[in-house]
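Let's take a walk through a protein model together. Have a look at the picture first, and then we'll go through it piece by piece.

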Amino acid sequence: MDLQDAGCQARYVIRDRAGKFPELFDTILADAGIGVVLSGIRIPRMNSIMER
C-alpha cells in the first residue's frame, strides 16, 4: 500500500547510522520532504525506546 493512496505523507524516517544507507539516501528523502532522524549511538535498547 502506498502512503499517497491512503492520503498520508511520511514526515520523518528514523534510521540507524549503519553504512548501508549512503548519503544519497538522505538526499532523496530530503527532496521528497521527508526528514531523517538518526538513532542514538550505541543504545542497545533503542527499539524499545522508540516503540514508546
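This is a predicted model: local features need pLDDT of at least 70, side-chain atom pairs count only at pLDDT 80 or more; totals for chains, interfaces and linings use all residues.

Residues are numbered from 1 along each chain as its sequence is written, and side-chain values use heavy atoms, with hydrogens and water left out.

Let's start with Leu38, which sits in strand 2 (residues 35–38); strands here are DSSP runs of E, at least two residues long, numbered from the N terminus. With 38% relative accessibility, Leu38 counts as partly exposed, a label that lies between buried (under 20% relative accessible area) and exposed (over 50%), using a 1.4 Å probe and protein chains only. Leaving out residues up to four places away in sequence, Leu38 touches Arg15, Asp16 and Arg17, where a contact means heavy atoms within 4.5 Å. Arg15 is 23 residues away from Leu38 along the chain, yet their C-alpha atoms are separated by 5.3 Å.

Now for the rings. A pair of aromatic rings is described by the distance of the centres and the angle of the planes. Rings of Phe, Tyr and Trp (its six-membered ring) pair if their centres lie within 6.5 Å; planes under 30 degrees apart are stacked, over 60 edge-to-face, and the rest tilted. That rule gives one aromatic pair. The rings of Phe21 and Phe25 have centres 5.1 Å apart and planes at 40°, so this pair is tilted. Phe21 is partly exposed at 25% relative accessibility, and Phe25 is partly exposed too, at 32%.

Methods. Helices (H or I, at least four residues) and strands (E, at least two) are DSSP runs, numbered from the N terminus.
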